[in-house]
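Please study the sequence and the structure before reading each solution.

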Amino acid sequence: MSTVFSREPQPPVIAPGEDASSVTRSVSGVVLKLPIGLRWMGSLGFAVMLTGIFLVGICWLLYAGVGIWGLNIPVAWAFAITNYVWWIAIGMGGTFISAAMYVTRQHWRASINRLAESMTVFAVAVSGLFPIFHLGRPWFFYWLFPYPDVMDLWPQWRSSLEWDFWAIIAYLIVSILFLYAGMLPDLATLRDRASRRLVAIFYGLLSLGWRGEAQHWRRLESVTLMLAGLSVPLVFSVHSMVALDFSEGLVPGWHSTIFPPYFIAGALFSGFAMVLVLAIPMRRLFGLQAYLTDRHISVIAKLMLAAGLWIDYSYASEIFTVFYSMDQFDVRMEMNRFLGPYAWLFWSTMAFNFVQIQLLWFERIRRNHVAVFVIALGVLYGMWLERLMLIVTSLYQDFMPSAWGMFYPTFWDFAFLFGSVGLFLSLYLVFSRLMPMLSMYELRKLAHKRSEVAG
Amino acid sequence: MSAKLHGLLAEFADAEQLHGAALRTKHEGYLFIEAYSPYAIEGLAEALHPRKVHVPFWTLVGGILGGGIMYFVEWYSAAIDYPINVGGRPPFSWPAFFPPTFEMTLLWASVFGVFAMLIGNGLPRLHHPLFAIPEFERGSSDRFFLLLRAHDPHFDLPRTRDFLATLAPLSIIEVPE
């Protein structure tokens with residue numbers, strides 16, 4: 001009966017005929033040879049413009065305070081925390097692709113891991129800004145750090161906000177180390193292939209003198225395995241901390257043990273979506289179709305679907321738990337989500353995070369990159385709405401009707417949201433021209449393995 | 001060539017040739033052999049350098065130190081230096097102190113691991129005799145190199161050159177110090 005299980009052979013994860021030289025030529029060519037195109041310049045210009053709005057917003061915030069945003073009591077967390085959770089969640093998907101797939105020996109990840117890791121670093125860096133801005137007096141953020149100050153004060157170790165501080169710091173530094181250590185051999189390649197002396201010095205300094213000795217490789221593979229193994233629990237713990245910020249609160253809809261796994265599902269979901277949103281245009285822009293193949297897009301789309309189903313299950317179990325508990329405040333909050341003034345948030349979330357992703361079950365949709373791109377954008381939007389829904393619908397009507405109040409965003413709320421997108425895109429666009437966006441040495445190894453198998 | 005010699009470099013076209021050549025050189029009795037490749041070749045480093053690498057050990061040390069120091073700071077600040085009564089919770093709320101401890105364990109382990117890799121590899125080292133060899137520039141793209149060091153007791157320039165020639169390399173290059 002073996003024929004029942006046989007299926008069409010999967011398309012290759014690296015185009016046939018690719019070898020060490022061709023990998024090196026095309027990937028390093030993007031950095032060293034490819035002229036700066038109009039599309040890239042245009043994208044960067046747009047991103048920098050948004051970043052400019054962000055900077056103006058930051059200056060105005062430092063001068064005028066958080067009152068420039070629409071938040072107030074009772075909705076004291078709104079866009080800022082939504083943006084924070086959204087951005088850090090996007091980072092998670094990147095680490096997961098690069099670390100968990102390394103530990104589980106998924107060789108196809110070789111061409112996507114650099115892209116995912118750099119996405120993580122920038123997303124986490126952008127996300128870390130929001131809790132600081134949200135402090136009200138951002139210049140005191142270092143009070144979260146235990147240092148022997150003259151006031152003899154220490155941080156409150158029992159607070160999940162304090163845990164968050166440590167989680168973000170650890171996550172940011174580990175992501176940078178993971179990215180950088182994994183880039184050393186490729187920086188050495190750029191050093192050796194640079195035709196201009198200044199360029200060679202630039203990459204030479206960055207590559208720290210990497211020579212590709214057998215022992216170098218052995219230690220690098222050892223440390224990569226260590227970092228990958230450490231990153232997987234790190235991803236899960238960091239996003240659990242983010243979720244505990246809510247779980248430790250007492251308002252209806254937050255005080256729930258389901259939050260950590262629920263948030264992790266959402267994090268992977270939006271992270272995979274962002275990888276797709278970046279990878280699909282990048283492969284076109286830089287002509288990397290031989291390495292970022294249709295198979296990659298299809299596999300990540302499947303991962304996104306799986307994470308999406310996981311989060312849909314979380315929605316269902318959350319709703320079930322609320323009604324099963326018969327807690328009148330929780331039930332009221334849930335009914336309010338379905339039918340209240342913010343019901344459009346709930347139903348849009350369902351449309352984007354539940355309904356539209358079902359299209360990804362079909363092979364034909366997964367092969368259509370435009371469709372996958374649009375669905376992934378929808379997922380990013382849906383996940384942003386979901387965080388806003390969680391925050392606002394729990395806060396705006398909690399227990400005492402006398403303390404209820406609506407939330408309306410202001411211009412500056414949107415300026416910070418779109419500005420942070422601009423900052424992320426600027427960093428990413430600049431990085432993609434300065435650094436090798438695919439891991440050349442892992443692709444060489446992959447190409448070598450494939451040629452061994454083939455012949 | 002009057003300058004002091006760093007070693008003899010043989011250039012190969014593919015990974016299998018380099019692997020085979022390295023094993024034969026080792027078998028021949030040379031002690032100071034280095035192999036260079038544009039990607040990791042499985043088993044090559046282990047064959048040339050039987051000693052273990054210490055990256056995992058230092059990662060463990062970093063993790064223990066990071067977690068231990070964090071937990072100590074939390075305990076000292078909350079229970080010894082400035083205990084505050086928050087709703088009757090014990091000053092040393094040990095379960096609540098785990099999350100930062102966990103994060104710092106992972107952070108320090110990673111930092112130690114990366115530094116162990118760099119220090120073990122002797123990096124950063126921005127100058128190296130090999131960087132003066134133009135052919136070696138392809139060593140980071142698609143060429144494979146075997147270096148026999150001149151201070152090897154077995155090393156003798158004409159004899160070693162003849163030996164390397166039997167390995168059928170693309171070229172043999174003298175590397176000045």
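**Exercise 1.** State how many residues helix α2 of chain A has, and compare its reach with the expected span.

*Solution.* Helix α2(A), residues 20-32, has 13 residues. From its first C-alpha to its last it reaches 17 Å, close to the 18 Å expected at 1.5 Å a residue; the expected span is 1.5 Å times one less than the number of residues. Helices (H or I, at least four residues) and strands (E, at least two) are DSSP runs, numbered from the N terminus. The model is predicted: local features need pLDDT of at least 70, side-chain atom pairs count only at pLDDT 80 or more, and totals for chains, interfaces and linings use all residues. Residues are numbered from 1 along each chain as its sequence is written, while chains are lettered from A and ligands numbered from 1 in the order in which they are written.

**Exercise 2.** Determine how α5(A) and α6(A) are arranged.

*Solution.* First, take the axes, which are lines fitted to C-alpha atoms over the stretch in contact, with angles from 0 to 180 degrees between N-to-C directions. The axes of α5(A) (residues 113-133) and α6(A) (residues 160-193) come within 9 Å and cross at roughly 155°. Therefore α5(A) is roughly antiparallel to α6(A) (angles over 145 degrees count as such). Next, identify the residues in contact (C-beta atoms, placed from the backbone, within 7 Å): A:V121 and A:V124 are among those of α5(A) that meet residues of α6(A), including A:I168 and A:L172.

**Exercise 3.** Determine how α6(A) packs with α8(A).

*Solution.* The axes of α6(A) and α8(A) (residues 214-247) are 9 Å apart, at an angle of about 155°. The two helices α6(A) and α8(A) are therefore roughly antiparallel to each other.

Definitions and conventions: Angles under 35 degrees count as roughly parallel, over 145 as roughly antiparallel, 65 to 115 as roughly perpendicular and the rest as oblique. Two residues are in contact if their C-beta atoms, placed from the backbone, lie within 7 Å.
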